Amino acid sequence: MREQAGARPWILLALPVLLAALLALSLALGSVAIPLDQIAGALFAGGADSQAWTNIVLKFRLPKALTAALAGMALGAAGLLMQTWFRNPLAEPFVLGLSAGASLGVALVLLTAGGGGALVANLGLSGDLLLTVAAGLGSAGAMLVVLAVAARLRNSVSLLILGLMFGYMIAAIVSLLLYFALPARIQAYINWTFGSFSGLSAAQLPILALFVGAGLALAASLTKPLNALLLGEELALSLGVDLGRARFAIILATALLVSAVTAFCGPIAFLGIAVPHLARGLLGSADHRLLLPATCLTGACVALCAALVAELPGNNLALPLNVVTALLGAPVVILVVLRQARGQA
């Protein structure tokens with residue numbers, strides 16, 4: 001696909017600079033402000049002047065910033081895959097029921113009587129790790145169901161509808177568990193649904209990076225089929241695209257990206273639907289060879305911005321992450337709908 005008129009490939013040079021600046025701000029700002037030279041000392045010189053600053057940077061802020069960047073990349077790329085595959089600007093990563101599967105896994109741990117505390121005590125695991133395992137298993141189960149259905153269906157719209165129905169069924173089961181659960185367990189589940197980038201330790205971060213890296217590598221191998229799918233499935237077939245293989249790879253890449261982020265961070269809303277549109281607007285091109293890296297970088301920047309706003313630097317108050325992502329993402333979706341309505345008019 002030739003570079004489109006009006007494309008701005010220099011954005012791919014500007015976004016890494018913006019990402020580096022946001023990473024530095026994420027390490028510097030918070031309830032305790034840390035000078036940038038002290039952050040550099042903590043990262044590269046063996047420690048800052050204050051041991052407390054070193055601990056804050058290395059044990060808390062750096063894992064959180066890297067988690068936010070990885071989650072933003074993953075959800076942005078997954079949203080781009082879904083919107084291209086379904087040729088729908090409002091498609092987003094959770095339409096296949098992967099987030100619902102993760103929610104069911106967490107609900108079974110938090111809401112079933114006597115399940116969480118006894119299991120944690122017997123296995124010697126932290127509650128956060130147990131929730132991560134439960135969410136991962138739930139997402140994996142949903143992924144297996146989706147892949148099994150995709151092998152039988154050739155129509156992408158039918159798979160989209162089945163994914164939505166699958167999500168509704170799981171949501172009904174979770175609602176039933178909520179209805180019979182104890183108030184304290186309901187509150188714990190609600191806290192998980194708010195989403196957070198601060199739940200990962202330095203030891204868990206490589207696991208998230210491994211899943212996100214695998215999903216992004218698979219997505220990068222699909223740039224040619226994705227460009228062909230922009231022309232429609234019939235033209236893509238005429239160009240030699242194996243639609244069955246491409247669809248399976250897109251689902252697998254999306255599942256790797258979404259299930260990992262949901263398992264570790266909770267169901268993060270709106271990044272998957274809003275980030276691809278922001279990247280298209282910045283880049284001015286629909287060529288996935290440029291658009292995929294631009295979307296990943298934009299997603300990382302937006303996630304770090306959301307994390308900074310949620311922390312309210314200089315205060316001890318922290319807002320729910322999904323509240324911030326909704327405030328950032330909903331206007332983008334509204335603009336997309338209005339632009340589409342103007343185009344149809």
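The views below show a predicted model, where local features need pLDDT of at least 70, side-chain atom pairs count only at pLDDT 80 or more, and totals for chains, interfaces and linings use all residues. Residues are numbered from 1 along each chain as its sequence is written, and side-chain values use heavy atoms, leaving out hydrogens and water.

View 1. With a relative accessibility of 3%, Thr84 counts as buried (buried is under 20% relative accessible area, exposed over 50%, partly exposed in between, using a 1.4 Å probe and protein chains only). Its side chain also reaches the backbone oxygen of Leu80 at 3.0 Å.

**View 2. The salt bridge between Glu311 and Lys64.** Here the closest N and O atoms are 2.3 Å apart (a salt bridge is a side-chain nitrogen of Lys or Arg within 4 Å of a carboxyl oxygen of Asp or Glu). Glu311 belongs to helix α14 (residues 288–311) and Lys64 to helix α3, so the pair ties together parts 247 residues apart in sequence. Glu311 is partly exposed at 30%, whereas Lys64 is buried at 17%.

**View 3. The salt bridge between Arg289 and Asp287.** The closest N and O atoms lie 2.7 Å apart. Arg289 is partly exposed, at 45% relative accessible area, while Asp287 is buried at 3%.

How values were computed:
Polar contact = N/O pair within 3.5 Å; in protein donor to acceptor, adjacent residues only side chain to side chain. Helix = DSSP H or I, 4+ residues; strand = E, 2+ residues; numbered from the N terminus.
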